[in-house]
Amino acid sequence: MKRMTAMRARLTGLALLGLAAIGLAGHASAQGVVDAARAALPEATRQSGTLKVATSLQWAPFDYASESGEPVGIDISLMQLLAAKLGLKAEFEDLKFPAIIPGVQAGRFDVGVNQFDVNDERRKIVGQLPYFNSGYGLLVRKGVTGIDVNNLCGKTLALTQGSAQIAIAEKLSAACVAASKPEIETTFYPDSADTYLAVANGRGDGFLTARAVGVYISKGNPKLELAPGALSGMNSISGIIVGKSNEGLYKALLLAMKSAIADGSYAAVLDKFGVADGALTLEQIEK
């Protein structure tokens, strides 16, 4: 799912508020080691005892810093879970987003996470193990009902200038017009915080956002909530970045994921962040 730099920065500013609201203060995993997964690890990784993870702690709720500065988030909890199943300790390094994939390619890190979309272009240069299905939802003012994210004709969307949601709104509005329905009105704000405020104050019917982000924001803002449902046909799959030639580690992670699906710990991680609907099936992960 395409992300904008301005939104990343703003979400970082909101991270501590959301952290307190969600009640996440660390994610110790008490997982047993999966022997087959550990056996599949490259010898050097197994002997090191650590899984070096590159991330960027500016993308809540996937990767961000707690009030005490510790890495937390969906990606962080999942990597701690998988590392435990491999008999390793996950060690995280906070990088700029563009440096993550090159860091894995150069062998400085074993894996990279930051809600990376799985796509053909990336899979030409790195391996990607799927783990999350991202979809768009609609943030609305608390208490407002009757808004369908898949029927926004005649509604007014509040949008952040330069955001990826603008193109989506334009596409949806064009479909309304083609169906002889009222177009979608739009209002624009300089950053995501101003957009949230506009919706909370009734200056717009809603704000299109990734559902996981919407859940996170609504938990930290009592004036907003995520409307039911997800936008049809606008989902994307996120994957863990692994070195293209590191087939042993990819296999080990896949076996660890299979174990996490089977014992429910994968679902528990997503449920903890209120995004259980983003879980993938084993078939989707093995693609």
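Predicted model: local features only at pLDDT ≥ 70, side-chain atom pairs only at ≥ 80, totals over all residues.
Before I show the sheet, let me say that two strands count as paired if DSSP finds at least two bridges between them, and that strands, like helices, are DSSP runs numbered from the N terminus, with at least two residues of type E for a strand and at least four of type H or I for a helix. Residues are numbered from 1 along each chain as its sequence is written, and side-chain values use heavy atoms, with hydrogens and water left out.

I begin with the open sheet, which is formed by three strands in the order β2-β3-β4 with antiparallel pairing. Its edge strands are β2 (58-59) and β4 (71-72), each of which pairs on one side only. Between strand β3 (residues 63-65) and β4 the antiparallel pairing runs over two bridges, and here A65 stands opposite P71 in β4.

Next comes the disulfide, by which I mean a pair of cysteine sulfur atoms within 2.5 Å; a search of the whole structure finds one. It joins C153 to C176, with an S to S distance of 2.1 Å. The pair links distant parts of the chain, 23 residues apart, since C153 is in the loop between β8 (136-141) and β9 (156-160), whereas C176 is in helix α7 (residues 165-178). The torsion about the S-S bond of C153 and C176 is about -90°, so the disulfide is left-handed. Both C153 and C176 are buried, a word I use for under 20% relative accessible area, with exposed meaning over 50% and partly exposed in between, for a 1.4 Å probe and protein chains only.

Let me turn to helix α8 (residues 192-200), whose buried residues are S192, T195, Y196, A198, V199 and A200. At the start of α8, a side-chain oxygen of D191 comes to within 3.2 Å of the backbone nitrogen of A193. After α8 comes G202, which has a positive phi, near 85°.

T209 is itself buried, with a relative accessible area of 1%, and its C-alpha atom is separated by 10.0 Å from that of A230, 21 residues apart along the chain.

Notes:
Polar contact = N/O pair within 3.5 Å; in protein donor to acceptor, adjacent residues only side chain to side chain.
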